[in-house]
Amino acid sequence: MSAASPPPAPPRGALERHHFLLRRLHSLTGIVPIGVFLVAHLVTNSSLIWGKAGLRGAHPELGWLDGGIAYFAEEVRWINTQVPHLLLVEIVLWVSIAFHAGLGVLYARSGRNNVARYAYGGNRRYAAQRLTGYVAIAFIFYHVATLRWGWTFLVPGGTHWSAEFAGSTLAAAIKGGQAGWTLMGVGVALLYFVGVSATVFHFANGLWTAAITWGLTISTGAQRRWGYACLAMGAALMLAGWSSLAGALMMDPASAARVEAMVGAPAGPGARQADAPTHVAP
Amino acid sequence: MAYAPPPSVPRRGAATPDRGVVFRIRRCDGPGKPSYWQEFEVAVPRNANVISCLQQIAANPVTAGGARTTPVVWDAGCLEEVCGACTMVINGRVRQSCSCLIDECAPREGDVVTLEPMGKFPVVRDLWVDRSRLFHGLARVRAWVPIDGTYDLGSGPREGPATQAERYVLSTCMSCGCCLEACPQFNLEPDEGRWETAFIGAHAISQARLFNEHPTGSQIKGERLDALMGPGGVSDCGNAQNCVKVCPKGIPLTESIAAVGRSVILHAIARFFRG
Amino acid sequence: MSQHRVIVVGGGLAGLAAAARVAEAGLPVDLFSVVPVKRSHSVCAQGGINACNDVARQQGYSEYEHFDETIYGGDFLADQHPVLEMTNTAPRIIDLLDRMGVPFNRTHEGYRDLRLFGGSLFKRTHFAGATTGQQLIYALDEQVRRCESEGKVAKYEFWEFLRPVVREGRCVGIVAQDMRTMQVRAFRADAVVMATGGCGMVFGKSTNSVICTGAAAARCYRDGVWYANPEMIQVHPTAIPGADKLRLMSESARGEGGRVWVPRRPLDERAPRDIPESERFYFLEEKYPAYGNIVPRDIATREIFDICVNQGLGVNGGNQVYLDLTHKDPEVLSRKLGGILEIYEKFVGDDPRSTPMKIFPAVHYSMGGLWTQFTRGSYAPATPLPKHRSASPPPIDARPGQGMLPGAPNNMMTNVPGLYAFGEVNYAYHGANRLGANALLSCIFDGLFCGASVVNFIRNDAPAGNPAADLPPAEFDAGEKRERERMNALLGTVADGRPDEPATNPYAIGKELGDEMTAACTVVRTGPRLEQCLRRLGELGERFARVKLADAAAWSNQSFAYARAIGDMLVLAQAIARGALERRESRGAHYRTDFPDRDDATFMKATVARCDARGVTSVALDPIDASLIQPTARTYGKKDDRKDPGKAAPAAARA
């Protein structure tokens, strides 16, 4: 009988002892909280483009883009008033991302990419999932460090992001300065484009594979249909991500700051941005 | 192992003349020895397959350059794609060499056929690899029905035709190893001591599903799922889904992986609450 | 008990069934196979496995009728008692396989589905898709893997059997070689079961796997084990000629309307579709207007052979004829014959829906094999009964023990005590011709039923007080030494040789052996041609004595193993040709143009070939056990008395 079968070798480390739990937590953290936050974050940020509609007739004097800046500023301001919750959310997020990233790197290193020989769609996505994972780790770290933890030495132009002037400081941080585009700023903008795209792909494709991992989509047909759903979701998120970025890039930081001040910022961002270089991008 | 049968009988008045095809073969004299490439030119009749060309090389082992060499060693059995023995990497893709027709893998004049041993298993010699780990995987998931013995105890469980059809497809797995060769998560592991925790691969996961679906086989479903929850189990799958693309029998391996994924999570939840 | 061990050589259906049964009885088993057991030739069986069943029984069929069909199909050459036990046990074997999880095809209500097969008017063939053999061997492979994981069976895969070790007339072990490391080693055992299958490779190309050389049986034969009915070789009429092997093409292609033809003009090089009707020779339809293309198997085989070999009318001058389905609706074809048409497409590259298939008969199965004994069961009618009338009440029921005595130590034991032969490698069940779907049955029956005999032999007979483990090493060492010498002698032929010199090239010798045996010892045989064949075998033997290898490697040397096997196949080929020469009659698969009729008075006996110490074959006729059924003419109710059992019901049969 099976009882007589040799018992499996005793697992060695904690990683092996809790193999299954860790694998499932890895998959789960990708969706909750990281994925959920990603959706909320990109939807909020993309309000730079669609926020005028969100104002529901308030500030009729503002144009479409300025309306977005205003709406975005109000949203961010509200979020940053929820201090204890926000802190909790941020800690959970950072722990989750660190966990997901750490195990992800470990798992990715267990595979050997063979797209050159087997160039099937699924295999390309497998390789892309790992590549975008690495990109996302680098991007998210840069993004959080510069804009949240205030590591301004990594920001061309040294802009310090402020929740009160969410749009204008973001634009300045990406474009390279308060005055507009710098060469380094182009690099940061590119990093954001690649980083946001990679993160969104990683999430959408991760949703697709998670449904297999958790046994939600079993038949090939179900996997295909869920694939289309993930594709649509990914496309929508990609659009949100790109429009957030476009909104920031199209913004003139100085005039945006005026809009933000008008809709309720206590004071201008000037004190912190006085040192910012003022040359104008070509 | 392959007893190479004699090369084909030359046909009188054949409609299409034989054409010369170059075979580029990655050879290795034994474990730990370096690999090297050799080229052979083979006169290929119409409808020849890779096996029949290897048989010609065995009978007259002379390289394209005219140098005498040793016959190329390869594994073969039924030659009708049902035993799985003659699996190798042909033109970069893993498949059975018996069902690989030359007119298909080298259709044009001057095409070269490249033969390599499977890369995920230790090479014994030339194109012959040791696939013991594959069978170890079957034991690891207890891929059998735990019957009480081989004496007469009456009929087996009744089964509807739909279930039979589903089990039959899974049961046609011939343990050839194509799914493992193409899998980016399954890698060469010569150390037998680590087979228990290295990724088991699609074939064994699918076999676990096959036996979990059998009424008597399901008696040890828990043991199978325990094995597949551990290191190297089903959660090590990276969903590249190459397995299902290269499976010569069209077995729905990715469906099996998902089905077992569902089983293990239910098993884990049940175990969490029941202890 | 623990010091006793059993060796099983061969991991096909018979070997695996034996290993499972013996291990279950508590005796440790060492299982040797030249391939991983899951890749054994049993995987190639397609059609199904015969057994009486409830549906057929209620229509009047019985285990006894299955027995009668098998004896009749075998043209009254088989010993009758073992066949009776086999057919009586068959339903229980199906049940067991069912319990093991074999995915037998099912009816809507969930019962096992059945198909019609040759030699019977009743549906009695159980099947799992078109790969029944594969499904059965996988089930047994799984059970043996379970035994292995419980430490009851040790597998030696990629090990080749070299010789039995015989001490004081008793088999006490084997010498085997690891085909990877080339290590030659003697293993001790209290009983050895040979389950090494058939010998299709003796005929060069056949429907068999490349491992079916018959070398293991030949090595036993060379060492004094008798070989019975070697001449009984089944040739299947329709196979796909390939450069490397001949793959079976199911007869259902003809059943669905396939027409067999060749161009009337020899060496006509036009594409088949360019040859007008008037220039096509539908030879079966012309010669057999009543049956046309669905004549019985042996007739079709002989006619196709005659067209190609004697008349030189084969397509492109080769050994092939057209099997044409292109006049049929492609959609209907796909629905009814999809599976087999895909095989043809895969291996030939042509679509049979638009291009006629090229087919030729191929050696398929060896009814003959190592000579074995048995102990009769309890059924003993005063005189043999007349042929059983179909669907009439059977004279006996199907209780165990009426055909063979269960557990009798000599069941399927060769003339060497302790050495058994199970499955295709013995000669016991199929007489002069095997019925379709009886092969899987005989293999599993041997393993299970006679596995118990092996256990009893060890517990109650010579090994009981004198286990092989305690014997002095002399015979084991000597066996090892002889095989090492044989190996070194062969490997030593490399240095001075020209490997591509046909006279001494093992592959050339092997090819000529296959060509010669196919020409002289398959479909049509004559005395003078067989004598010529024996002379030719002698010449090949002399050439083999001077064989030169191209590879001296002492690691995984396949051409060495191939060459060594050729030497043993030559010995077996002699027995086949000699048996065919001595049997001066026609019976079952053995057809002599110079003796076209069956001669029961002289030849209703087994041909028993014995090999003396000098390697010379002598053949004697031994009486058979025909005490249960009287022989009758094998006509299948047709006026033409050459109807083959294989195909009383033509179309429905194979899938």
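Are B:R167 and B:E159 buried or exposed? Both residues are buried, where buried means under 20% relative accessible area, exposed over 50% and partly exposed in between (1.4 Å probe, protein chains only). Their side chains meet in a salt bridge, with N and O 2.6 Å apart; the term stands for a side-chain nitrogen of Lys or Arg within 4 Å of a carboxyl oxygen of Asp or Glu. Over all chains, a search of the whole structure turns up 79 salt bridges.

A word on the ground rules. This is a predicted model, in which local features need pLDDT of at least 70 and side-chain atom pairs count only at pLDDT 80 or more, while totals for chains, interfaces and linings use all residues. Residues are numbered from 1 along each chain as its sequence is written, chains are lettered from A and ligands numbered from 1 in the order in which they are written, and side-chain values use heavy atoms, with hydrogens and water left out.

Chain C splits into domain 1 (6-232 + 367-470), domain 2 (238-363) and domain 3 (474-602), with bounds from an automatic or database domain assignment.

One salt bridge in chain C joins C:E483 to C:R163, with the closest N and O atoms 2.9 Å apart. Both residues belong to a salt-bridge network that also includes C:R486 and C:D568.

C:D568 and C:R486 form a salt bridge themselves (2.9 Å, N to O). C:D568 sits in helix α15 (residues 558-582) of chain C and C:R486 in helix α12 (residues 474-491) of chain C, so the pair ties together parts 82 residues apart in sequence; helices (H or I, at least four residues) and strands (E, at least two) are DSSP runs, numbered from the N terminus. C:D568 is buried at 1% relative accessibility, whereas C:R486 is partly exposed at 25%.
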